[in-house]
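User: I would like to learn how to read a model like this one, feature by feature. Please give the general idea where there is one, and then the case at hand.

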Amino acid sequence: MIKIKEQVIESITLAAKSVYPDEFISMLGRNKENEITELVIFPAVYGKNFSSIRTDLIPFDKSIVGTIHSHPSNNNNPSQGDLKVFSALGEIHLIICWPFNLDNLKGFDRKGKETEIEVVR
Ligand SMILES: [Zn+2]
C-alpha cells in the first residue's frame, strides 16, 4: 500500500499535462508517517526520458522514497528500462499515463509488482 497526499496527486497530474508529450520525471519525498508528501524535482533529469536517468548522479536522501514519471501513451506499465531504474532508486514508483488523471496513476514496488495506492488528505 502506497499512501499519497491528495495535493501531491494534483501536482503530478498538472506537471504531466504541462510537459506532455515529454515525460514528467520526479522523485517522491515522504514524511514520518510514511506518506508521500512532496515532489523532489532534479534539474539534472529535466528533458530526459525516464529510462535514461543517470542514477549515479542523483543524490539520495533518506526522505526520498522513490520516483514518479509519466508516459505520453495510454500504457502505465513499466518498461524494461523503467524496471532497471526502479531497482536502483527507492522502494515506491509511480507511473501516470495519458490523459493524466488519478485513474491513470499506478504504483509499483522496486521489482515492478503493482501496489495499491491510497489517497490521503
Ligand atoms: Zn516509463
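User: Where is Asn-34 found?

Analyst: This is a predicted model. Asn-34 is found in the loop between β2 and β3. Its backbone is worth a look: phi of Asn-34 is near 65°, a positive value in a residue other than glycine.

User: Is Asn-34 buried, exposed or partly exposed?

Analyst: The relative accessibility of Asn-34 is 45%, so this residue counts as partly exposed.

User: What about the peptide bonds? Which type joins Trp-98 to Pro-99?

Analyst: That bond is cis, with omega near 10°. Pro-99 is found in the loop between β5 and β6. A cis peptide bond also joins Tyr-20 and Pro-21, where omega is about 10°. Pro-21 sits in the loop between α1 (6-19) and β2 (25-30).

User: Now the overall fold. How many helices and strands does the protein chain have?

Analyst: The chain has two helices and eight strands. In sequence order they give the pattern β-α-β-β-β-α-β-β-β-β. The radius of gyration is 13 Å, close to the 14 Å that the globule rule gives for 121 residues, so the chain is as compact as a globular protein of that length. The C-alpha trace spans about 30 × 30 × 25 Å along its principal axes.

User: What share of the residues is buried, and what share of the contacts comes from residues 24 or more positions apart?

Analyst: Buried residues are 42% of the 121 in the chain. For the contacts, take those with a separation of 6 or more: residues 24 or more positions apart account for 64% of them. The chain exposes about 6,800 Å², and carbon and sulfur atoms supply 49% of that area.

User: In what order do the strands lie in the sheet?

Analyst: The sheet is open, has eight strands with mixed pairing, and its order is β7-β6-β5-β4-β2-β3-β1-β8. The edge strands are β7 (114-115) and β8 (117-120), each pairing on one side only.

User: How should I read the side chains of a single strand?

Analyst: The general idea is that side chains in a regular strand alternate between the two faces of the sheet. Strand β5 (residues 92-97) is the case to examine here. Ile-92, Leu-94 and Ile-96 point one way from β5, whereas His-93, Ile-95 and Cys-97 point the other way.

User: Which way does β4 run relative to β5, parallel or antiparallel?

Analyst: Strand β4 (residues 64-71) and β5 run parallel, joined by six bridges. The chain crosses from β4 through helix α2 (residues 80-88) to β5, and this β-α-β crossover is right-handed.

User: Last, the aromatic rings. How many aromatic pairs does a search of the whole structure find?

Analyst: The search finds three. For the pair of Phe-50 and Phe-86, the ring centres are 6.2 Å apart and the planes are at 65°, so the pair is edge-to-face. Phe-50 lies in the loop between β3 (35-40) and β4, and Phe-86 in helix α2, so the pair ties together parts that are 36 residues apart in sequence.

Key: Residues numbered from 1 in each chain as written. Predicted model: local features only at pLDDT ≥ 70, side-chain atom pairs only at ≥ 80, totals over all residues. Heavy atoms only, no water. Buried < 20%, exposed > 50% of the residue type's maximum accessible area, 1.4 Å probe, protein only. Helix = DSSP H or I, 4+ residues; strand = E, 2+ residues; numbered from the N terminus. Pairing = 2+ DSSP bridges. Right-handed = clockwise from strand over helix to strand, strands pointing away. Phe/Tyr/Trp six-rings, centres within 6.5 Å; stacked < 30°, edge-to-face > 60°. Rg over C-alpha atoms; globule rule 2.2 N^0.38 Å. Contact = heavy atoms within 4.5 Å. Areas by Shrake-Rupley, 256 points an atom, 1.4 Å probe, with all protein chains shown as cover.
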